[in-house]
Structures are given as structure tokens and as C-alpha cells.
Amino acid sequence: MYPLLLSLLAAASGAHASALVTPAPITEGQDIAELIATLEGGDSTGRLAAAQRVRELGKRGAKAVPALIRCLSSGDGLLVDASVEALVAVGPKARATLLEVLESGSFEGASVPPGPVAGALLQLGKRARLAVEAYIEASEPGPALFQTLEQLGEAGLPFLVEAAAAGSATEALRSIRRLAAREARTDAPLSKALKRVEDQDLVGAVTVCWLQAPQRGDLGDLGRWIVSDRPALAETGLWAAGLMGSGAASLAEPAL
């Protein structure tokens, strides 16, 4: 009779019947405590699942912010990405801590890579974006800055283009190529990133580096870049010709 009773209850209409057959959910407090424990001491699969669960909780996941920030130093790309998404979902309650970490470069005495921190802040409102822009402008051009910009993912493209236009073209174009190799590349980010760039050769070089799909119609530009006295263009032209294989091999002859 018991199975029959359950079937009748499940089929019945009304909130009371539903309540009788719906398991009681784990409380928010218990959920957060378990998630934090997993983020701090679980295996890689468990930590990833916990970060994704915090993202689903949104603002209710605020107590997990310290654990999520520690995850940013894990070196596990999937976990770092999931932790950034969770911090963005938590929203303003994560922003203040992230701003402090970006400024100091550390959290609870341990260094934190600025790339993921900046990546989260770029999605947390105007004030946070301005803080990231100020941080980038105050940073010395060099490997550390370009590594940070690469860690921003697609959001780093406008900053890399700006660096290229400001005189660090060789390093910036290399970073764009590395960044693009990890992204699902589309034309969409280019229009925004390039809208203030007047140097048409630089526009072309950025486009080729980002899309990584030079066409036969680009051969004229590539040949001209290769013999250019601008190292960034020459390097980009040779790299792009290499992507095209034997069909563009003759372009490299003047540089050999």
C-alpha cells in the first residue's frame, strides 16, 4: 500500500501534496560550509564542481569569496575560470576584496596572479573597471604586464591593442597571438579594440594575429610587412606566411 500511497500523493494537485513528496533541500548555511571545505581541500574535480555551485548561488555565495580567491592561485585553468565566474556571480560583495587584492598583489599573505583578479573586476561595474584600467596604465610595459593582459582572455584584447599602438607593438602582437590561440576567435571583439587605431598596417597586423587565418588576399600586405623596417610588422608577416605554408613561402625570401 505504501508505494500506492506515494503515487497518489505525487499525482495529487495542490502545494500540500507537492511538499509531502519533495525532499527538503540542504540549508544555505550547510551548503556554503560544505562548498568552502571542498574548495579548500577537495580534489580537482570536486573543487571545480564547488566553484560552479557557488556561481549558481550568486549573491548567496558571498561567504565563499576568500576560498574562491585562493583558488585563483591554483594553476588549474578550469578551476581559475570557474572561480572568476563565481566571484562575478557573487557581485558587489566580492568586489571590495578583489580591489584590495589587485592593489596589493596578495591575499592573506600569499601572492595572487593579477590576471584573473582583473578579469573578474572588469565584469563588476564601472568603478571596478576604472580601477583595472588605472592598474594597467600604472604598470611598466614588460613581460609581467603582457602576461596579465593575456590572462584576461578576450577582455585583454583592447588593452593589448592599446599597448601595440603606444609603442610596444612586437610584444603586444605576440601576446595577441598567444591569447587568440586559446580563445574562440570571432570578428566581434576586433571592431571595439581597433576603433581608435588609425595605423592601417597595425590594424591589419592585429586582425591577422587575432583571427590567425590569413588569406591569399593578404599576401600583398604580408610581403610588404616582411620587408618593412618595423620589427613588429616584419615578424607578423613572417609568422602569417608560415601559417599559409608553401603558398606563401616565396614571401619570406627577402628576409632570408
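## Largest pocket

The lining of the largest pocket divides into 17 nonpolar, two polar and eight charged residues. Here Ala, Val, Leu, Ile, Met, Phe, Trp, Tyr, Cys and Pro count as nonpolar, Asp, Glu, Lys and Arg as charged, and the others, Gly among them, as polar. The model is predicted: local features need pLDDT of at least 70, side-chain atom pairs count only at pLDDT 80 or more, and totals for chains, interfaces and linings use all residues. Residues are numbered from 1 along each chain as its sequence is written, and side-chain values use heavy atoms, with hydrogens and water left out.

The space in this largest pocket is about 740 Å³. Its lining holds 27 residues, and P158, F159, V161, E162 and R196 lie nearest the centre. A pocket is an open set of points on a 1 Å grid over the protein atoms alone, where a 1.4 Å probe fits, with protein on both sides within 12 Å along at least five of seven lines; lining residues have an atom within 4 Å of a point. Grid points are joined across faces, edges and corners, and a volume is the space filled by probe spheres set on the points. Four helices, α9 (126-138), α10 (143-151), α11 (157-165) and α13 (188-194), each supply at least two lining residues. The most comes from α11, with six residues. Helices (H or I, at least four residues) and strands (E, at least two) are DSSP runs, numbered from the N terminus.

## Second largest pocket

Two or more lining residues come from each of α6 (77-90), α8 (114-121) and α10. With five residues, α6 gives the most. The lining splits into seven nonpolar, seven polar and seven charged residues.

## Helix α10

Which residues of α10 are buried? They are L145, F146, T148, L149 and E150. Buried means under 20% relative accessible area, exposed over 50%, and partly exposed in between (1.4 Å probe, protein chains only). The cover over these residues includes α8, α9, α11 and α12. Just after α10, G153 takes a positive phi of about 70°.

T148 sits in α10. It counts as buried because its relative accessibility is 6%. Leaving out residues up to four places away in sequence, T148 touches P114, G115 and Y135. Contact means heavy atoms within 4.5 Å.

Helix α12 has 12 residues and reaches 16 Å from first C-alpha to last, close to the 16 Å expected at 1.5 Å a residue. The expected span is 1.5 Å times one less than the number of residues. α12 is mostly covered, with nine of its 12 residues buried. They are A169, T170, A172, L173, S175, I176, R177, L179 and A180. These buried residues pack against α10, α11, α14 and α16.

Helix α16 (residues 231-244) has 14 residues. Its reach is 20 Å from first C-alpha to last, close to the 20 Å expected. A232, L233, A234, T236, G237, A240 and A241 are buried in α16. Their packing partners are α12 (169-180), α14 (200-211) and α15 (219-226).

## An exposed loop residue

Where is K195? It lies in the loop between α13 and α14. K195 counts as exposed because its relative accessibility is 64%. The C-alpha atoms of K195 and P158 are 9.7 Å apart, and the two residues are 37 residues apart along the chain.

## Cysteines and the whole chain

How many disulfides are there? The count is zero, where a disulfide is a pair of cysteine sulfur atoms within 2.5 Å. C71 counts as buried because its relative accessible area is 1%. C209 is also buried, at 0% relative accessibility.

The chain has 16 helices and two strands. Of its 256 residues, 40% are buried. Among contacts with a separation of 6 or more, 61% join residues 24 or more positions apart.
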